[in-house]
Each structure stands twice: as structure tokens, then as C-alpha cells.
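Hello,

Here is the structure I promised to pass on to you. Please have it open while you read, and my notes on what was found in it follow below.

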Amino acid sequence: MAALQRCLRGNLVAQSFGRRAFAAAEASQPTKVVILGTGWASFRVLSDIDAKKNAVTVVSPRNHLLFTPMLASSALGTVNQRSICQPVRPVCAGKGASYYESNVVKIDKEKKEVHCQTGTGVTYQIPYDKLVVGVGFQPNDFNIPGVKEHALFMKETADATVFKDHVLERLEEASYWHALDGDLSVSEEERAKIQQLLTFVVVGGGPTGVELAGELTDFLSNEGAKLYGHLKEFIRVHMFTYDVLNTFDRGLQEYAISHLQKKQGVQIHLGAFVQKLEKDTVYVKMGDTEMNIKYGTLVWCAGIKPHKFIKEYGFQMNERGSQILVDENLKVKGEQDIFALGDCATIEDYWLPQTAQVANQQAIYLAKNLSQDAGKEVKPFEFHSKGMMAYVGGFNAVMAQVPGLSKLTGFFAFLGWRFTYWFLQLSMRNRFMLSTDWMRTLIFGRDLTRFGPRSKPQ
């Protein structure tokens with residue numbers, strides 16, 4: 001009998017120990033965190049999250065982070081596009097994370113799965129414990145006729161390539177246009193056509209539009225004037241916008257407008273609203289005045305809007321239906337274990353601008369919270385502005401609300417602009433490449449190489 005009791009006690013002890021061991025093993029399992037997107041917010045969460053506590057998976061059709069504040073610089077060859085792109089694979093390898101180059105077409109909140117689709121249309125599922133949505137925005141055409149069909153944009157890496165090739169193509173086309181009739185003299189009709197080809201239009205006066213106008217006029221007045229001197233008299237650059245740098249104070253706005261007009265030669269049309277776009281003509285209304293001009297290149301930098309699939313995820317949205325509504329901890333309202341940040345999300349009763357600076361700070365905050373032990377107090381997110389800046393061309397920039405400095409303009413602001421963006425790169429690789437790009441451009445000028453079509457046997 002005593003032996004039987006000892007045996008039973010031993011079994012109970014063993015079962016109790018087994019249960020505790022199983023519970024401990026279960027508790028030690030890393031949390032499955034799935035991150036959607038590779039923009040500023042998503043990439044920074046990936047970089048900062050504790051990989052020992054979280055099993056991270058990234059799903060995005062783009063395999064790199066694009067440093068969007070310098071996209072305009074790469075569009076004219078001041079810097080190489082690869083110098084402002086940070087590949088996601090090296091970061092994933094260092095974190096022991098997984099990356100899937102796919103789109104997310106559905107989120108099953110009950111099963112906690114994301115449904116992914118490859119570029120070839122094949123679908124598959126990935127389970128999650130916590131989901132981070134940071135899929136950014138897309139250009140906003142405001143449903144204006146012709147914009148989708150005829151405008152160029154400045155939002156993604158490929159946009160910079162397309163824009164640069166288009167500018168160079170127009171310069172070459174203008175160079176040979178007069179010879180197409182077999183007569184090398186230039187008629188009045190040919191002059192008009194050449195001027196149309198060399199009329200460049202920027203729509204939008206925000207930081208992207210202003211910096212693109214600055215970079216474009218830098219290129220046209222340097223490499224363009226040296227290498228296409230015979231075309232210099234035909235080049236025109238227009239900017240159509242309601243206002244310029246409206247988040248800056250009035251003094252900096254006036255400085256930017258004055259510099260772009262007087263030093264860079266940009267014809268700025270304020271209070272302008274584009275009504276319609278055709279293949280070679282833009283129709284604009286300014287107050288009671290209507291006008292149209294023929295152009296060779298038009299790039300649209302007039303705002304952003306949510307991706308269509310954001311609404312299809314079934315999340316609670318803000319009043320305009322344009323952004324995912326989140327609470328003070330960046331958790332999606334009405335959802336469990338789902339977070340959203342960056343351009344695609346807005347905090348309830350706490351409006352913030354849709355900038356890389358906001359996305360970066362939100363990502364640092366969220367990565368820290370996802371990495372800490374459960375049960376710890378989570379403080380609400382607070383944004384602390386580090387200032388605003390924009391390049392206006394000719395080695396000049398404007399800076400505002402920088403720590404320790406209310407505002408700065410001119411060459412010293414340009415140096416501050418460059419140093420800040422150099423410092424904000426997420427790797428020494430990119431800092432090195434940027435430094436060498438700037439040195440190369442300063443010594444040898446911008447690269448005018450335009451890659452032709454791929455080879456194809458005939």
C-alpha cells in the first residue's frame with residue numbers, strides 16, 4: 001500500500017512538473033509579428049524590434065526602403081538611386097526575420113492570418129500574433145481628367161528613373177526635331193515645337209515639388225547649358241500650385257518663392273488649380289482667369305491619397321475615410337493585436353503631418369513597445385518635431401523649427417539640409433555612397449546616361 005501511494009505521488013509530481021515545463025516552453029515562444037510594407041515606418045520597426053522576443057515576417061512588393069526626402073535629387077542624377085535605397089534582405093538576415101515579396105490582399109482577423117499574393121497571382125497565408133500595418137500612400141490625382149494617363153509622378157524609386165529618362169529624351173528630341181524635314185534650318189513652326197518639348201511643368205508646391213523644381217533647374221542651368229547650349233533659349237520651367245511650402249512660416253515661403261523665380265528661373269503660378277490634362281497641354285484656372293500651355297514634361301507632386309486596398313482591410317477609418325484610425329498606442333481602433341502607423345494611419349484626436357519624420361518616431365515607439373515584456377505600462381505616443389527643411393536649388397535651402405534655431409536660409413541651410421539627410425540614412429553603406437555621389441557630381445557633373453531597350457535578336 002505504501003509503495004502504491006509513493007507511486008501515485010510520484011506520478012502527480014511528474015504531471016505537475018510536466019505542466020509547468022510545457023507552460024514555460026509556451027511562454028518562451030517568440031511572438032509572431034508580421035509587418036506589412038517596407039516604407040519609413042515599417043522598415044524602422046523591423047530595424048529596431050527585439051528579434052529574440054519576436055519572430056518577424058515582412059511582406060511587401062518592394063524589397064527596399066526608399067529615402068523619399070532625396071528622391072528628387074536622384075531623379076536628376078545628383079545622387080544615385082541605389083544610394084538612397086536600403087535593401088530589406090540584409091536587415092532581415094541580421095534579425096533572423098523572413099521576407100516575402102508579395103502583396104497582402106486580405107486580412108483574416110479571426111484566424112489571425114494575412115492572405116498574400118505573388119506577382120504571378122499565386123496566393124498563400126501567413127499566421128500572426130501581432131500585425132503591423134505600414135503600407136504608406138500613393139499619389140493623389142484628385143480625379144482630374146488626364147492626370148493618370150499623361151502625368152509623371154514622384155513617389156517611388158522607378159518614378160525617378162522614368163522622370164530622368166523622360167527629361168533626357170526630350171532634350172535629345174528637341175536636338176534633332178529641326179532635321180526631320182530634311183532641312184537643317186529652323187522654321188518658326190519648328191521653334192514652337194522645340195519650345196514645347198523643352199517646357200517642363202511641376203504641379204504642386206510642397207517639399208517634393210519645390211525640391212524637384214530646384215534640382216531640375218540646377219541640372220538645366222549646369223549640364224543642360226553646357227551640353228545642350230543650342231537649346232538653352234527654348235527651356236522653360238513652370239510651377240502650378242495653390243501655395244508654396246504651406247507648412248513653413250510666411251518669411252520662408254517668400255524666400256523660397258523669390259529664390260525659385262529670380263535665381264532658378266522658375267515661373268511660379270500661385271493660386272492655380274489644374275482643370276484638365278492632355279497629352280501635351282495643361283489647362284489651369286487661377287481665380288477668374290483660365291489659361292493653358294503646351295508642355296513636353298509634366299510631373300505631378302500635388303498630394304497623396306490612401307491605397308485602395310486599405311479600405312478593403314475592414315479597419316475603422318477616419319471621418320474622410322482616408323486613413324486607418326488608431327489609438328494613442330498606435331493600435332487600430334476596435335481591433336486586437338493590430339497596429340498601424342505612418343502615412344496610412346492617423347491617431348484619434350491627434351492630427352500629425354504625413355512625413356517621414358512622424359513615421360520614423362512612431363516606428364521607434366512601436367518597436368520598443370513590441371519588444372518589452374507583457375504587462376508593462378505603455379505610455380501614449382508623442383511626436384517631437386525635429387524641424388522642417390527643403391532644398392530650393394543653387395546650393396540654397398530653407399530650414400524651420402530646427403532644435404536651437406527658429407529658421408535658416410541660404411547656403412548654410414543647404415549644408416544643414418545635406419548633413420541631416422546624410423545622418424538620417426539607416427546604414428553606413430548608404431552614408432558612404434551618398435558622400436561619394438556628392439563628390440562625383442561636384443567634380444564631374446551629373447550622369448546623363450540613358451539606358452536603352454534590352455537586347456532582342458531579330
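Gly393 stands opposite Asn396 in strand β24. The strand β23 (residues 388–393) and β24 (residues 396–402) pair in the antiparallel sense over five bridges; strands are DSSP runs of E with at least two residues, helices are runs of H or I with at least four, and both are numbered from the N terminus. Two strands count as paired if DSSP finds at least two bridges between them. Together β23 and β24 make a hairpin with two residues between them, and Gly394 in the turn has a positive phi of about 65°. Strand β23 is mostly covered, with six of its six residues buried. Buried here means under 20% relative accessible area, exposed means over 50%, and partly exposed is in between (1.4 Å probe, protein chains only).

Before going further, please note that this is a predicted model, in which local features need pLDDT of at least 70 and side-chain atom pairs count only at pLDDT 80 or more, while totals for chains, interfaces and linings use all residues. Residues are numbered from 1 along each chain as its sequence is written, and side-chain values use heavy atoms, with hydrogens and water left out.

The pLDDT is the predictor's confidence in each residue, from 0 to 100. Its mean for the protein is 91, and 94% of the residues reach 70 or more. Over residues 12–26, however, the pLDDT is below 50, and this stretch has zero contacts in the model beyond near neighbours in sequence (a contact means heavy atoms within 4.5 Å). Where pLDDT is low, the predicted coordinates should not be read in detail.

As for the overall picture, the protein has 13 helices and 25 strands. Of its 458 residues, 48% count as buried. The C-alpha trace spans about 120 × 60 × 45 Å along its principal axes. Among contacts with a separation of 6 or more, 64% come from residues 24 or more positions apart.

Now to the aromatic rings. Rings of Phe, Tyr and Trp (its six-membered ring) pair if their centres lie within 6.5 Å; planes under 30 degrees apart are stacked, over 60 edge-to-face, and the rest tilted. That rule gives 16 aromatic pairs. One of them is Phe67 with Tyr421, edge-to-face at 5.5 Å centre to centre and 75° between the planes. Phe67 lies in the loop between β3 (64–66) and α3, and Tyr421 in helix α12 (residues 411–423), so the pair ties together parts that are 354 residues apart in sequence. Both Phe67 and Tyr421 are buried. They also belong to one aromatic cluster, whose members include Trp40, Tyr391 and Trp417.

Leaving aside neighbours within four places in sequence, its contacts include Glu215, Arg418, Asp437 and Arg446.

Finally, how many disulfides does a search of the whole structure find? It finds zero, a disulfide being a pair of cysteine sulfur atoms within 2.5 Å. The sulfur of Cys116 is 14 Å from the closest cysteine sulfur, in Cys92, which is too far for a bond. For Cys301 the closest cysteine sulfur is in Cys85, 17 Å away and also too far for a bond. Cys116 is buried at a relative accessible area of 0%, and Cys301 is buried at 13%.

Best wishes
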